Amino acid sequence: MNTGNKIRAEIAGTGIFLPGKVLTNADLEKTLDTSDEWIRTRTGICERRIADEGESSSTFAIQAGKMALKSARIQPNELDLIIVCTSTPDILFPATACFVQNGLGAVNAAAYDISAVCSGFVFGLSIAEQYIKSSRYRHVLIIGSETNSRIVDWSDRSTCILFGDGAGAIVLKKSEMNEPRGLLSTHIHSDGGKSDLIIVPGGIGKKTISHEAIDKKEYFIHMSGNATFKVAVKRMAEVSKEALDFNELSVEDIGLVVPHQANRRIIDAVTDKLGIPKEKVFMNIEKYGNTSSASIPIAMHEASKAGLIKPGSLTLLVVAGAGLTWGAALIRW
Ligand code: UT7
């Protein structure tokens, strides 16, 4: 239950960056045993964006971060913390967030990465919420940024058709007000017993990097699509209910659902289970595919720019992904 604490975490601004290079289903038909029709009907995806040489999760994150700062009317030196949510960091270390901090000139911000794969942004939001509601920080920049194209096996038709690259960012700001507004609550969960469902098995700390592991494609995404699909639907519906119950709200109170864009059929199944009408569900999967941790902040930015998020309305963010991890957040605008 919401405690009525007057310190709120508000969304002060949003930003995105999508690389210019577009890979369509028709392009994939040329190199894979697949079809535009199969991909559209099974996933809802028509095209995705792909990083070019010289682009990476940090370059995307810097651009999305700049846009979010501009829309929040906040200078880089006012940031207290930068959290980059990514499972495709530029390099093993330092953290991608440190490159982003430098690129933004956010000299007063601590910066680190978190790894919760597709659920990364909601997990990052949950961390930032604690810093703000405890009055530790005033301004936190949370960025989901991914270059999935670098870790998909482009010869595996069951995975490579799904993923895309891009970044989405928000500035979370401390504000004090009586009415329950801004980020109402976040709810996050993990089940490491299901870590095999979506995995990049190649070792960094586990075993020495070898030519053999590279030849066995251990540094690419391996996924049990069907099993992931089923558990994602179950967990996303469950955690949505948990978020509503926690705030003593009901499905009818929701103005818009901004779900993780992994598969149109997953989104349909979750929202059907919850009884949420299609017109209250935002989708942009057809343009970008699954951009992992970037998916929700990109969708939230686009929904807001399209005028679909009205002042005072309630937005539900909901996700499931590798780990297994899943989570939800409720925001009153
Ligand atoms: O962000 C969270 C992480 N990921 C997800 O949430 C993904 C969850 N899973 C999915 O989205 C779906 O399971 C997929 C889109 C990956 C696959 O759809 P599906 O309806 O579960 O298909 P399937 O894996 O059961 O495969 C059905 C058939 C198979 O052929 P057979 O064995 O029936 O002859 C596959 O080989 O479809 C075949 N297939 C394809 N055919 C054409 C798999 N990929 C393709 C493809 N083009 N790209």
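Tutor: Let us begin with Arg136, which is exposed, its relative accessible area being 55%. The model is a predicted one.

Student: Why is Arg136 called exposed?

Tutor: The term applies to residues over 50% relative accessible area. Arg136 has 55%, and therefore counts as exposed. Arg136 is placed in the loop between α5 (120-133) and β6 (139-147).

Student: What makes Arg73 buried or exposed?

Tutor: Its relative accessible area is 75%, which is over 50%, so Arg73 is exposed. Arg73 belongs to the loop between α3 (57-72) and β4.

Student: What is the phi of Arg73?

Tutor: Phi of Arg73 is near 55°, a positive value in a residue other than glycine. Most residues other than glycine have a negative phi.

Student: Where does Ser292 lie, and what is its phi?

Tutor: Ser292 is in the loop between α10 (285-288) and α11 (295-305). Its phi is also positive, near 55°, and Ser292 is a residue other than glycine.

Student: Why does Ser292 count as buried?

Tutor: Buried means under 20% relative accessible area. Ser292 has 2% relative accessibility, so it counts as buried.

Student: How do you know whether Val152 is buried or exposed?

Tutor: The relative accessibility of Val152 is 2%, which is under 20%, and therefore Val152 is buried. Val152 is located in the loop between β6 and α6. Along the chain, Val152 and Phe163 are 11 residues apart, and their C-alpha atoms are separated by 7.8 Å.

Student: Which loop holds Thr88, and why is Thr88 called buried?

Tutor: Thr88 is in the loop between β4 and α4. Its relative accessibility is 5%, under the 20% limit, so the term buried applies to Thr88.

Student: What makes the approach of Thr88 to Thr147 a polar contact?

Tutor: The side chain of Thr88 reaches the backbone nitrogen of Thr147 at 2.8 Å. A polar contact requires a pair of N or O atoms within 3.5 Å, so the distance of 2.8 Å meets that cut-off.

Student: Where is Thr86, and why does it count as buried?

Tutor: Thr86 is in the loop between β4 and α4. With 5% relative accessibility, Thr86 is under 20% and so counts as buried. Between Thr86 and Glu53 the C-alpha distance is 19 Å, and they are 33 residues apart in sequence.

Student: What is the omega of the peptide bond from Gly323 to Leu324?

Tutor: Omega is near -10°, and this bond is cis. Leu324 is in the loop between β12 (314-321) and β13 (325-332).

Student: Why is Thr228 called buried?

Tutor: Thr228 has 9% relative accessibility, which is under 20%, so it counts as buried. Thr228 is part of helix α8.

Student: Which helices supply at least two residues each of the shell around the ligand?

Tutor: They are α2 (36-43), α6 (157-160), α8 (225-246) and α9 (264-274). The most comes from α8, with four residues. In total, 23 residues surround the ligand, the closest being Thr34, Arg42, Asn226, His260 and Asn263. The shell divides into 10 nonpolar, nine polar and four charged residues.

Student: Which pocket corresponds to the space taken by the ligand?

Tutor: That space is the second largest pocket.

Note on methods. Residues numbered from 1 in each chain as written. Predicted model: local features only at pLDDT ≥ 70, side-chain atom pairs only at ≥ 80, totals over all residues. Heavy atoms only, no water. Near = heavy atom within 4 Å. 1 Å grid on protein atoms, 1.4 Å probe; cavity = no way out; pocket = protein on both sides within 12 Å on 5 of 7 lines; lining within 4 Å. Sits in = over half its atoms within 2 Å of the grid points. Nonpolar A, V, L, I, M, F, W, Y, C, P; charged D, E, K, R; others polar. Buried < 20%, exposed > 50% of the residue type's maximum accessible area, 1.4 Å probe, protein only. Polar contact = N/O pair within 3.5 Å; in protein donor to acceptor, adjacent residues only side chain to side chain.
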